[in-house]
Amino acid sequence: SFLKGDIGNGIANVFNRGADTLTQVVHSVDLKKDYILAGEYIPTHIQEVRERLDREVISNSYRHSRTLLNMKRAAKLFPIIEPILAEEGLPSDIKYLAVAESDLLNATSSAGAKGLWQFMKGTAIEYGMEVNSSIDERYNLEKATRAACKYLKSKKAKLGTWAYAMAAYNAGTTGVSNAIKQQKAQSYFDLN
């Protein structure tokens with residue numbers, strides 16, 4: 001066996017004993033209590049909101065290997081991101097947007113967004129990052145985090161809440177603004 005030492009023996013024992021060693025229990029989240037995201041109340045008393053939150057939490061939490069890898073990356077990256085968010089005056093919960101956008105990886109999307117915060121080239125340049133054939137600051141954690149802060153603050157100022165700002169981060173300001181108008185939404189949680 002190429003596996004040597006205690007770790008190798010531990011892995012071998014797991015494989016030899018079978019699935020009962022890796023018991024996986026799936027539980028729904030207790031949605032009977034209040035939840036706050038970025039200082040804003042999530043109205044879980046509304047059935048549709050509660051069901052959507054439950055679906056998102058379960059579908060993202062029980063992708064075990066992905067969840068474990070995100071937890072490991074968070075342990076390394078959140079201590080860098082959190083002080084920047086605090087300095088820039090953003091709620092600490094905003095860090096989870098980077099998890100949703102990139103799984104905390106310097107990824108490239110099919111649309112061409114890059115880095116942990118998934119900036120498109122034009123938006124990156126607009127928010128002060130250098131992007132050219134020699135350098136791409138979308139991959140610089142500190143600069144990209146500061147640019148994400150500026151972007152989110154501008155969207156919150158325009159749209160009114162962090163929930164709308166985070167939605168605009170993903171769907172664009174025009175898309176969110178149009179959805180608010182078309183659906184006559186009073187809050188993010190009213191949107192389809």
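Colleague: Which residues lie nearest the centre of the largest pocket?

Modeller: In this predicted model, the lining of the largest pocket is made up of 42 residues. The pocket holds about 1700 Å³ of space. Nearest its centre lie L37, L53, E56, N60 and A100.

Colleague: Which element gives the most to the lining of the largest pocket?

Modeller: The elements that contribute two or more residues are β1 (35–37), β2 (40–42), α2 (47–61), α3 (64–88), α4, α7 (162–171) and α8 (173–183). By class, the lining has 27 nonpolar, 7 polar and 8 charged residues. With 8 residues, the element that gives the most is α2.

Colleague: How many charged residues has the lining of the second largest pocket?

Modeller: This pocket holds about 150 Å³ of space, and its lining residues include W117, F119, Y151 and Y169. The largest share of the lining, 4 residues, comes from α7. By class there are 8 nonpolar and 4 polar residues, and the number of charged residues is none.

Colleague: Is D103 buried or exposed?

Modeller: D103 is located in the loop between α4 (95–102) and α5 (121–126). Residues count as buried under 20% relative accessible area. Because its relative accessible area is 17%, D103 is buried.

Colleague: Which side chain does a polar contact of 3.0 Å join to that of D103?

Modeller: Leaving aside residues up to four places away in sequence, D103 touches R66, N70, R73 and A98. The polar contact of 3.0 Å links the side chain of D103 to that of R66.

How values were computed:
Residues are numbered from 1 along each chain as its sequence is written. This is a predicted model: local features need pLDDT of at least 70, side-chain atom pairs count only at pLDDT 80 or more; totals for chains, interfaces and linings use all residues. Side-chain values use heavy atoms; hydrogens and water are left out. Buried means under 20% relative accessible area, exposed over 50%, partly exposed in between (1.4 Å probe, protein chains only). A polar contact is a pair of N or O atoms within 3.5 Å; within protein, one must be able to donate a hydrogen and the other to accept it, and residues adjacent in sequence count only if both atoms are side-chain atoms. Contact means heavy atoms within 4.5 Å. On a 1 Å grid over the protein atoms alone, a cavity is a set of points where a 1.4 Å probe fits but cannot get out, and a pocket is an open set with protein on both sides within 12 Å along at least five of seven lines; lining residues have an atom within 4 Å of a point. Grid points are joined across faces, edges and corners, and a volume is the space filled by probe spheres set on the points. Ala, Val, Leu, Ile, Met, Phe, Trp, Tyr, Cys and Pro count as nonpolar, Asp, Glu, Lys and Arg as charged, and the others, Gly among them, as polar.
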